[in-house]
Amino acid sequence: MIALVLVFSACDKDRIQQEEDEDGANAVVRLGSQIEGEYTVYSDGLAKVIIEGDEKYITRFKLIDDYANTLYAYCADINAPCYEGSRYKSVPGDDYFTKGEDVKIMAAITYAMNEYGALEATNPYGYRQLLQCVIWRIIHDYEVTSVDNAEGEIIKDIIDHIYDHIDDMKNDYSTGITMEGTGAATRAGTFVNYGPYQVSENALLTDAGFDLTFDPDGNQAAFVDGQGLEIMQVKSGEPFYVQVPNDASGEYSFTATASTTKKLWYVNDFQFFIDVRDSNVPYMYQPLFRPITNSGEWTSFYTCSGNFTATPMEPEEPEKIMLTCLIWNNRDCGGSRGIDRFTVDGITLKDSKNYVTPADFNARTAKTPGKKGITAIYTVTERTVKDACGKRIKVYDIKVAFYKDGVWKGYGGTITVDGPGGNNKNQQVELIRIF
């Protein structure tokens, strides 16, 4: 006679034992839901752990009914025996789990399945040791000394981590994910960013990505990160914004849903089995805990939404600087064709030092200047026009760029001077920020 315990199935088809309504759809069932009929218990292999210095053996129990239907369950009492071939029935677990242990167990298994589900395929007995020891720690508060497995140290660390954070996991299990943040509006050029928003952090879904979508459509809106780059997915806790045009108005709704690229699990209910010879708590024989799991279908747990009202904003006034002290001559001197010098933002730019061709202007502002490179440049494009009285006027389209604080800042404008010649020293020209 030995005390046997059981763990979860190593096969996905065994894990997904969903309750169905009469139409075949997934149904929400109450915690501790009960099923009819009796089952015969069988063990399925043994694995050893050391708990507070004592050897304990773990098995996966199979519960098989009279029609060969099979369920799998876990030991819910390390101190009670279970016998091969015993008959078990399903009963409510309310009288046994009086301190919220059932919800903690479901949260712990949800976490283990999502974070360490791959262990079930690579090390099935290690996975069973992990789950069963977690259940025992939650129910009995027994500390696991060691796990007899090639990955025993890792498995023990996982068990300790789950137990140490079980209250946070329980809270996250009960609340799922929520959309955090407010729709604060921030100008971004010709756009407005609303946010930041973030999917709430959840200890059960630390590695899950969340796909972002608009409901029903974005109406020229986009999701962007803190750098203004468009994104379609975030991790929990990562801030993001909804970007709309300046003139956008009305309600915007959006949703974050756990990505289907990662199989996600949720233990949405459980069933509690006892030996048919038992009737009162505490039970003489091992009670068994069977999680009811759901793969990616429990959308309320994996999904959250947000919304805001967009209000049209006037375009932000562009940054401007003034060009003064212009010296111009009606002669083809140097590459600037008459623009000898001028002052902008306290800096004097000269034809002989700061002028570059339009092509060179674009090339230079696209890269960081060298240690001795020029950090103030300009270029012009000359046009000659005649007014209504036939008077000749020269027009220069001018671009100026300064390299400051690690970036190029560019400004553009138009200089208009009278022909055929002379200085326009007192002319002031407004330049507008272009990059």
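In which loop is S236 found?

View 1. S236 lies in the loop between β13 (233–235) and β14 (240–245). Helices (H or I, at least four residues) and strands (E, at least two) are DSSP runs, numbered from the N terminus. The model is predicted: local features need pLDDT of at least 70, side-chain atom pairs count only at pLDDT 80 or more, and totals for chains, interfaces and linings use all residues. Residues are numbered from 1 along each chain as its sequence is written, and side-chain values use heavy atoms, with hydrogens and water left out. S236 has a relative accessibility of 16% and counts as buried. Buried means under 20% relative accessible area, exposed over 50%, and partly exposed in between (1.4 Å probe, protein chains only). Apart from neighbours within four places in sequence, S236 is in contact with V199, S200, E201, N202, L205, A208 and F210. Contact means heavy atoms within 4.5 Å.

**View 2. The open sheet that contains β13.** An open sheet of 4 strands has the order β13-β11-β15-β18, with antiparallel pairing. Two strands pair if DSSP finds at least two bridges between them. β13 and β18 (303–310) are the edge strands, and each pairs on one side only. From one strand to the next, the twist averages 30°. Strand β11 (residues 209–215) and strand β15 (residues 250–258) run antiparallel and are joined by 6 bridges. D215 has S253 as its bridge partner in β15.

**View 3. The open sheet of 7 strands.** The strand order is β21-β20-β19-β25-β24-β23-β22, and the pairing is antiparallel. β21 (347–350) and β22 (376–386) each have a single partner strand, so one side of each is left without a neighbour in the sheet. The twist averages 25° from one strand to the next. Strand β20 (residues 339–344) pairs with β21 in the antiparallel sense over 4 bridges. In β21, K350 is the bridge partner of R341.

**View 4. Strand β4 between two partners.** β4 (residues 61–64) has F61 and L63 on a covered face, and K62 and I64 on an uncovered one. In a regular strand the side chains alternate between the two faces of the sheet. Strand β1 (residues 38–42) pairs with β4 in the antiparallel sense over 3 bridges, and Y42 stands opposite K62 in β4. Strand β5 (residues 70–75) also runs antiparallel to β4, joined to β4 by 4 bridges. L63 stands opposite L71 in β5. β4 and β5 form a hairpin with 5 residues between them, and A68 in the turn has a positive phi of about 70°.

View 5. In strand β16 (residues 265–275), 11 of its 11 residues are buried. β16 pairs with strand β6 (residues 87–91) in the antiparallel sense over 4 bridges, and the bridge partner of K89 in β16 is I274. V267 has its place in β16 and is buried, with a relative accessible area of 0%. Not counting residues up to four places away in sequence, V267 touches M106, I109, T110, M113, Y173, P291, I292 and T293. V267 and M113 are 154 residues apart along the chain, and their C-alpha atoms are separated by 9.2 Å.

**View 6. Helices α2 and α6.** Helix α2 (residues 101–116) and helix α6 (residues 166–175) pack at an angle of about 90°, with their axes 9 Å apart. Axes are lines fitted to C-alpha atoms, for helices over the stretch in contact, and angles run from 0 to 180 degrees between N-to-C directions. This makes α2 roughly perpendicular to α6. Angles under 35 degrees count as roughly parallel, over 145 as roughly antiparallel, 65 to 115 as roughly perpendicular and the rest as oblique. V103, K104, M106, A107, A108, T110 and Y111 of α2 make the contact with I166, D167, M169, K170, Y173 and S174 of α6.

**View 7. Helices α4 and α5.** The axes of helix α4 (residues 124–140) and helix α5 (residues 152–164) come within 10 Å and cross at roughly 30°. The two helices, α4 and α5, are therefore roughly parallel to each other. In α4, G126, Q129, L130, C133, V134, R137 and I138 meet I155, I158, I159, D160, I162 and Y163 in α5.
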